[in-house]
Amino acid sequence: MKQSRYVLRRVWAALLTTYVAVTFNFLLLRLMPGDPTSRLARVPNGTEETRRALVRQFGLDQPLWRQYLDYLRELGHGNLGISYTNQQPVTSQLLEALRTTVPMVTLGTVTAIVLGLVFGVVAAWWRGHAVEKSSTFVSMFFYALPTQWLGLMLILVFSVMLGWLPSAGMHDPGLMAARDIGVPVSSTAVLRDTATHMLLPSMTLALVLFGEYTLVVRSALLETFGEDFVLTARAKGLRPRVVLIRHALRNALLPVVTLVALSIGFIAGGSILVETVFSWPGIGLLSYDAIQARDYPMIQGAFLVITISVVFCNLVADLLYARLDPRITT
Amino acid sequence: MRHTGAYKIATGLAAAMVLLGACSSGGTGGGGSSSATQILRIGSNDEIDSLNPFVGLNSLTYSTFQVTYPYLVMYDDKLDFVPYFAKSWSTSDNGKKWTFHTVPGATWSDGQALDAHDVAWSFTTMVKYQDKGAGNWASTVSHLKTVTATDDDTVVFSYDAPVANVLSQLQQVPILPEQFWDTYAKTGNFKSASMTTPLVSGGPFIVQSYKKNASATLKANPTFWGTRPHVAGISLTMFNDDDAMIAALRNHEIDLIETLPPSGIKPLEQAGFQVDQAPSPALSDFIFNSNPKKPQHRELLDPKVREAFALSFNLQEMVQTVWLGTATLANSIVPPATGSWSDPSLHAAPYDPAKANQILDSLGYRRGSDGIRVADGHRMSYDVIMPDLTEGDRMFSMVQGWLKAIGVQVNQKKVDDSTAFDLVTAPDGKYLDFDLAMWTWGMLPDPDFALSVVLCSQYGSWSDTGYCNPAYDKLYQEQGKQLDAAKRQAIVYRMERILAHDLPYIFLGYKNQISAHDKSWSGFQNTMYGPYNALAVTSMVDAQRD
Amino acid sequence: MSTPPLALAPETSLPRSWSLRRLLRQNVSAMIGLVVLLLIVLAAVAAPLLAPTPLYQRVGEGFASPSGAHPLGLDDGGQDIRTLLLYSTRTTLLVGFGATAIAVGIGALVGVVAGYAGGRTDGWLMRLTDFFLVVPEVPLMMIIAAVWGTGLTKLIVVIGLILWTWTARVIRSQTKSLRERVYVRRARALGASPGHVVTRHVLPQLAPLLVVCGVLAFAVAVFDETALSFLGLGDPNRPSLGRMIALASQAGAVSNNAWWAILYPGLVVTAIILSLTMMGTALEDALNPRLRVSHLSRQHFRVLPGRRGLPGAAR
């Protein structure tokens, strides 16, 4: 009973946050200075009439409340508007970019989680020992690295000095062109090629993330070690290793699951740095370019997609938590 | 209960990952790999912003149009016009009527006939919609009244006044397939066209695929009416980062870099790649607000103050530091790269800070306790509006140092292009607020465009100076009608000298166009816009691997 | 890097009396962090005295490799990397301090008001906090900085305005628990005004927690400075560590194998963030009472080293 009320409240809160995000998003860009039409109007012999036509076309001559209602209505239909720069629908461009981002970010995050779990468990298990100190130090060191700097250093070493890995894009240009013009290319070759290109960006992401995960896993485990059920299990005569794996670790995974759900949303935004360094044509690079070009509908769209995915992951985390821990009712 | 929950999540996550992995791999059929087919792999730090000719703005976009659409004429390596889809042409005596004879028996890549009617349709459409959906082509059809196909292979252009640069205008305009565009031509809503690849092509290549921010593939057009290219296709990769692009060439992932930053010359030459340079019509300038009605900091309107600024600039050092020697100096709004249109007697001001200080002293602008001069009761401290340029920061810090030496303080106000434009033109295209700016321009081979940006009529449009001089505007009209090249040149030189005296700009340098390619490739024409350009299709047709 | 890496849970409770100084003395890692940070701050403050060459002076060829005269090499403009590092660290630390002050200030205000007032005020303030907590930080900062313009003050304000949420949450829950402590209740019962109670009884108790929040926010602020500068949104009129990395990369340091132009500024950033994190983690461990009891460890139920001095009231 209480649980279902909790679920309803979380869903309601998520919807409310989404609405605030949608409105905030609208206002943020409308109220900022800088005329979005100037770029478009700046064409040879561009007349005042051209400019007015553009203003009309994008509804910028309407009162603000009217623009807001139009914006909400279109949003309801999944229409995020037309990009100022290439005049194509924003939604389809965002979806395509998202498809490129997701595999790279997933590979990076999963690697980070695995590393984080290993380092975190080791640190907690060997608490007070030199092993904990070095494991925590390594994690903190990687946490402290600026993302774009690590990316550049990896390019410097693996692409420029050693020449082992490609430094940009997601495909080998020749391979894809050959496929496009009809030369048969095996799918394993394409797969291997994508994997090679994905390696540096996703590893950059993994390295800067895993430190954070390690520290959280360590704290969560250490907290669990203080719980009564661990004491009970120990009192029953179970071996420490068994208690760690069967009882402590599974409970400690709870905050980790939350963290993962949360960071998936965040990473979509945070990957701007990685995607910019490695020219990875995903949503991060799309947002970066859109901001450079003041492509308002595209900025709004990207920002909205990123925010909503965070809200959604947040909700999933809350609901998971409720399911995993029946004590939760607030 | 709890444990199984966590377990389920773990398996769920794993399954999701596998699925995501599957999505990313993108199923492709077929076996075996390519061997004999030659593909030219080009890397660029520019981007194709749109495949729609009514939308695109970037130079890579126009270079791509060049090899996928028919054009009436193109440039040769000496910047003279040579036949392309027009085999030959003639002009009436008064210069108002131009007749072109087109290549007979040509087809579009979809099999439809490509002839003089397509030319007439394309230009008529651009004339009709020049104030609306076809605004970006308006400058290329100025004074054009009608275009009619008198038969399948002849088309006649009628102008309402003699136009000096007809061929230069027509060279820029792609001939479009009516079968694709006629539905949009009913409303003029060209910009919303969905450019689904492969596109209908009338040039040596077909745009086969395009991915925003990433890549495009061009395939040789098997039905092309002209000389067919040696290569089977071109792959274009758009890089966000110059270092990544250079690394790609070094690792043999690409064959050609169409525009290389100067910092790439040394490492690529050392690694055994061919690096080519040519003077380009790109110029960087330091801008004074030249609107005589400007209310604040009016000392900056004084040509003497401007001269002092120019004398304090150690431009040779900037060429060495910022462009590593790959730029030239001059003092003309028409870049020397365009050949005979740039007055060779206009040299950049010499570096003479002592004289600059002397000038400012003689104007009575004394230095305050902080070393900054005071002019008419205020410190000579100004904001410099700067769009985000790659070398911008380095350029600015040099300018800042030079001006400090003559007691003038400047601060960089770095913004994006459109905001920079807003700040320069503020308020409402009146040019009253800003003092100084820095910008980079890319000019065309014909001087008309370069000369036009300082016209009074360009307020709120191309003008970035607020300069307005009726005498200059009159000369501009004259050169536009002058069909005799020598006489036109004399007028153009006079205009350039007016600007060199009034100094709305200090020209900081004219950059070289630099490209680099793998030595196993040959056939590239070293033009002012590099081998992949909007001047001609020659390089892409001739390119081949030995 | 959206939040500090720690599980400094809202339920963190303060031991009744503890001392920052004692903690630092007992925790080697925190001590090392503090010393390194102090050295960096000192070097930055004394930049004009320590710098071997004047700022912006060209002393050799662009990207000249490290040599006897210039052991860290030169950047693309032929400037000594040592000089640039010193002046850049100044700016980066300034941004860090400024943004942290704003973030902790707003966070403390929102947290205390929400925690002390409770009820509807609490609800709305926390909803606001939650919203800012979910908004992706880097894109938001990018949009604001890009549209609003670049400059030192703007950079500080933008980062500060985004970083406060986490502090607010921690302070709120702490205030809630302080509010119910006996002596605070007594003061309230005696008719003390909320302002009086907060300034006299709540804020002093929160001080150590604010230090922790500040230390961790500082680390994030430094990271954000480098990120925004890399995306071209830093203050263009002064050198900063983020801009050094960005400019070297734009000028082709990677292609020219001029690793020194990128490596050193990155290392300084890492040293700053790392030393702050080392201090923060140690403080967090000390403040989280749930870490003080352990029934499981590789070493059997050992009393934890370095914790004896801390009066550890369990929950």
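In this predicted model, chain A turns out to have 13 helices and zero strands. Read from the N terminus on, the elements of chain A go α-α-α-α-α-α-α-α-α-α-α-α-α. Of the 330 residues in chain A, 55% are buried.

Chain B splits into domains. Domain 1 is pieced together from residues 1-68, 201-273 and 518-546, while domain 2 covers 70-190 and domain 3 covers 280-512. Where domains 1 and 2 of chain B meet, domain 1 puts in 15 residues and domain 2 puts in 18. On the domain 1 side of this contact, eight residues are nonpolar, seven are polar and none is charged.

Helix H10 of chain B spans residues 353-362, and B:Ala356, B:Ile359 and B:Leu360 are buried in it. These three sit on the same side of H10(B), because they cover an arc of only 95 degrees around its axis. What do the buried residues of H10(B) pack against? Their partner is helix H8 of chain B, residues 303-312. Turn to the face of H10(B) that points away from the buried side, and the exposed residues B:Ala354 and B:Ser362 show up. Just after H10(B) comes B:Gly364, with a positive phi of about 85 degrees.

Technical notes. Residues are numbered from 1 along each chain as its sequence is written. Chains are lettered from A and ligands numbered from 1 in the order in which they are written. This is a predicted model: local features need pLDDT of at least 70, side-chain atom pairs count only at pLDDT 80 or more; totals for chains, interfaces and linings use all residues. Domain bounds come from an automatic or database domain assignment. Two residues are in contact if their C-beta atoms, placed from the backbone, lie within 7 Å. Ala, Val, Leu, Ile, Met, Phe, Trp, Tyr, Cys and Pro count as nonpolar, Asp, Glu, Lys and Arg as charged, and the others, Gly among them, as polar. A residue is buried if 20 or more other C-beta atoms lie within 10 Å of its own, exposed if 12 or fewer, and partly exposed in between; C-beta atoms are placed from the backbone. Helices (H or I, at least four residues) and strands (E, at least two) are DSSP runs, numbered from the N terminus. The arc is that of the directions from the helix axis to the C-beta atoms.
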